[in-house]
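Here's a quick briefing to keep open beside the viewer.

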Amino acid sequence: MKALVFENGCAVLPERVLEDARVTCAQGRIVSVERAGKRRPPADAEVVDARGGYISPGFIDIHVHGGGGADFMDGTVEAVRAACGAHRAHGTTTLFPTTTTGSPEQIRAMLDACVEARRSWKSPADGALIAGVHLYGPYFAEDKVGCHSEEGRRSPSAAEYEGYFASGVVRIATCAAELPGAVEFYRAARKARCLVTCGHSNASWTEMAEAFRAGMRHVDHFWCAMSTVPSVRARFGVPMQGSMLEFVLGHPEMSTEIIADGCHLAPELLEFAWRMKGAGRLCLVTDCNRAMDLPPGDYRFGPADDGSWFESDGEVGWAPGRTSLASSIRGMDHMVRHMRRVTRAPVEEIIRMASLTPAERTGIARGTGSLEAGKRADLVVLSRALEVRRVFVGGRESD
Ligand SMILES: [Zn+2]
């Protein structure tokens with residue numbers, strides 16, 4: 001089989017940018033990453049000219065609801081493929097379809113559709129690869145449901161979630177730490193080898209500490225739908241207690257994620273999160289809904305038949321009345337460019353937060369997430385302005 005060689009660009013490695021790089025792939029895997037120098041690639045190799053841009057690992061998204069008109073909660077293989085395809089065009093080569101709140105039947109249908117889409121994946125035309133599902137809704141705190149439908153929210157019950165874990169496809173599992181049964185949920189999720197996360201929660205430091213002992217190591221979209229000292233004081237009075245925010249900042253083992261679309265968080269918060277947690281514990285996520293790549297208008301968040309309505313203004317999703325946001329409508333390439341524009345994080349750290357760090361946190365870093373010999377040839381060629389030029393999944397490009 002002939003080699004696939006990327007040249008005439010800078011390879012983005014986890015710790016640095018390698019100028020004048022050559023990335024050689026064969027049989028869907030990365031074989032070597034080196035300086036090109038004066039040596040020519042093998043005569044029969046297929047050469048990908050990066051035209052002076054970046055040769056980057058493909059992006060990995062651990063929190064994504066949909067795109068291109070489809071929400072993963074639509075619960076059909078066609079919808080899953082449509083969303084995976086839309087995100088591939090934005091540089092994402094691996095993602096974790098993310099549930100919203102919804103009925104057990106709706107969540108089951110979503111899991112089944114993801115399992116089937118993964119099983120029948122044939123080529124990059126089918127979109128980004130599914131590494132597993134993020135079981136995100138329905139176990140949210142009542143006062144932190146955000147833009148999700150309230151009827152679909154509930155406390156965890158083993159009879160329900162054991163069925164989801166038994167599917168084998170759930171790799172990330174969220175629950176609000178203050179809910180009855182949360183600790184048992186975290187233990188079951190850890191046993192199912194998930195990245196265990198707390199989100200849509202008004203948890204105190206004490207509740208987070210108990211969750212941590214049960215295996216919780218991550219918090220969904222930092223600053224969004226999570227507790228602060230004043231919100232915990234509203235529950236418990238004085239003395240004021242620590243919140244999720246202090247717990248994440250105070251524990252080096254904890255990771256979190258940011259929605260860097262420019263609408264959810266101001267530049268100083270993006271800069272602060274990166275400086276406080278470092279690129280090894282901070283993931284860029286899209287938290288993208290179905291409105292990505294679609295014109296402004298009203299759409300449903302979650303299932304097509306009964307998801308809650310939101311409005312896309314072409315920049316971001318808004319809850320009805322425009323009093324709060326309803327997730328992003330951007331792909332990972334946008335997040336990467338925005339971080340570059342408004343923070344001092346170097347490009348290799350920004351890319352790491354969109355590739356290797358999410359891979360490490362979800363246990364898939366042996367197979368993907370960085371330009372390293374032996375890993376799957378998931379690559380994105382970016383311009384100097386970080387615009388996506390070409391996307392390769394397992395060494396193959398979709399045209
Ligand atoms: Zn979300």
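T362 sits in the loop that links helix 11 (356-361) and strand 21 (379-382). Keep in mind that this is a predicted model. The protein splits into domain 1 (4-55 + 384-397) and domain 2 (59-368).

**T362 up close**

- Is T362 buried or exposed? T362 counts as buried because 23 other C-beta atoms lie within 10 Å, and the cut-off for buried is 20 or more.
- Leaving out residues up to four places away in sequence, T362 touches I62, F96, A131, R171, I172 and L195.

- An open sheet is built from 6 strands in the order 11-12-13-14-15-16, with parallel pairing.
- At the edges are strand 11 (133-135) and strand 16 (282-285), each of which pairs on one side only.
- Inside that order, strand 12 (residues 170-174) and strand 13 (residues 195-198) run parallel and are joined by 3 bridges.
- If you want a specific pair to look at, T174 in strand 12 has T197 in strand 13 as its bridge partner.

**The hairpin**

- Strand 17 (residues 297-301) and strand 18 (residues 308-312) go the antiparallel way, pairing over 5 bridges.
- Which residue of strand 18 is the bridge partner of F301? That one is S308.
- The hairpin has 6 residues between the strands, and G302 takes a positive phi near 95°.

**The nonpolar core**

- As background, nonpolar side chains in soluble globular proteins tend to be buried together.
- In this model, the largest nonpolar core has 124 residues, and the members touching the most others are V23, I55, C114, A176, C198, L284 and A354.
- That core draws at least three residues from each of domain 1 (4-55 + 384-397) and domain 2 (59-368).

**Helix packing**

- Helix 1 (residues 77-88) packs on helix 2 (residues 104-119) at an angle of about 65°, and their axes are 8 Å apart.
- The crossing of helix 1 and helix 2 is right-handed.
- On the helix 1 side the contact uses V77, A79, V80, R81 and C84, which meet A113, C114, E116 and A117 in helix 2.
- Over in helix 9 (residues 332-342), the buried residues are M332, D333, H334, M335, V336, H338 and M339.
- What covers the buried residues of helix 9? The cover includes strand 6 (59-64), strand 9 (92-97), helix 8 (267-277), strand 16, helix 10 (347-353) and strand 22.

- The C-alpha centres of domain 1 and domain 2 are 31 Å apart.
- Domain 1 puts 12 residues into the contact, and domain 2 puts in 16 residues.
- On the side of domain 1 that touches domain 2, strand 22 (388-393) and strand 23 (396-397) are the elements giving two or more residues.
- The largest share of that side comes from strand 22, with 3 residues.

Definitions and conventions:
Residues numbered from 1 in each chain as written. Predicted model: local features only at pLDDT ≥ 70, side-chain atom pairs only at ≥ 80, totals over all residues. Pairing = 2+ DSSP bridges. Helix = DSSP H or I, 4+ residues; strand = E, 2+ residues; numbered from the N terminus. Core = buried A, V, L, I, M, F, W, Y, C linked by C-beta atoms within 7 Å. Buried ≥ 20, exposed ≤ 12 C-beta atoms within 10 Å, placed from the backbone. Domains from an automatic or database assignment. Contact = placed C-beta atoms within 7 Å. Axes fitted to C-alpha atoms, helices over the stretch in contact; angles between N-to-C directions. Left-handed = near helix turned anticlockwise from the far one by under 90°.
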